Amino acid sequence: MPTRKSKLPQFTIRIPQEELDKIRFIAEYNARSCNKEVERLIRIHIKNFEKTYGEITREDIEKFNSNENAF
């Protein structure tokens, strides 16, 4: 049985094939793996969100999780 190199959590998404093909194209163009390209996009999205609405703190996340994902 193969072992995972990383202890980071895994997150699976469903994505239309055409979008997956495009993200793979962009990743290759940028000399990144598809996974690294998606990680980069997520970091950019978080940075932009926090720039607009303020930093998301651990306390914010815990409060969000304890309220069954409701604001």
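Here is a short chat about a predicted model.

Q: How many residues does helix 1 have, and what length does it reach?
A: Helix 1 covers residues 17-29, which is 13 residues. From first C-alpha to last it reaches 18 Å, close to the 18 Å expected at 1.5 Å a residue.

Q: What follows helix 1?
A: Ala31 does, with a positive phi near 60 degrees.

Q: OK, helix 2. What should its 20 residues span?
A: They should span 28 Å at 1.5 Å a residue. The end C-alpha atoms are 29 Å apart, so the two agree.

Q: And what comes just after helix 2?
A: Gly54, with a positive phi of about 100 degrees.

Q: New topic. What volume does the largest pocket have?
A: About 860 Å³.

Q: Which elements give two or more residues to its lining?
A: Helix 1 and helix 2 (34-53). The largest share, eight residues, comes from helix 2.

Q: Which residues lie nearest the pocket's centre?
A: Phe11, Asn35, Val38, Glu39 and Ile42, out of 19 lining residues.

Q: How do the lining residues divide into nonpolar, polar and charged?
A: There are 11 nonpolar, four polar and four charged.

Q: Where do Phe49 and Tyr53 lie?
A: Both lie in helix 2, four residues apart, about one turn of the helix.

Q: Why does Tyr53 count as exposed?
A: Because its relative accessibility is 63%, and exposed means over 50%. Phe49 is at 38%, so Phe49 counts as partly exposed.

Definitions and conventions
Residues are numbered from 1 along each chain as its sequence is written. This is a predicted model: local features need pLDDT of at least 70, side-chain atom pairs count only at pLDDT 80 or more; totals for chains, interfaces and linings use all residues. Side-chain values use heavy atoms; hydrogens and water are left out. The expected span of a helix is 1.5 Å times one less than its number of residues. On a 1 Å grid over the protein atoms alone, a cavity is a set of points where a 1.4 Å probe fits but cannot get out, and a pocket is an open set with protein on both sides within 12 Å along at least five of seven lines; lining residues have an atom within 4 Å of a point. Grid points are joined across faces, edges and corners, and a volume is the space filled by probe spheres set on the points. Ala, Val, Leu, Ile, Met, Phe, Trp, Tyr, Cys and Pro count as nonpolar, Asp, Glu, Lys and Arg as charged, and the others, Gly among them, as polar. Buried means under 20% relative accessible area, exposed over 50%, partly exposed in between (1.4 Å probe, protein chains only).
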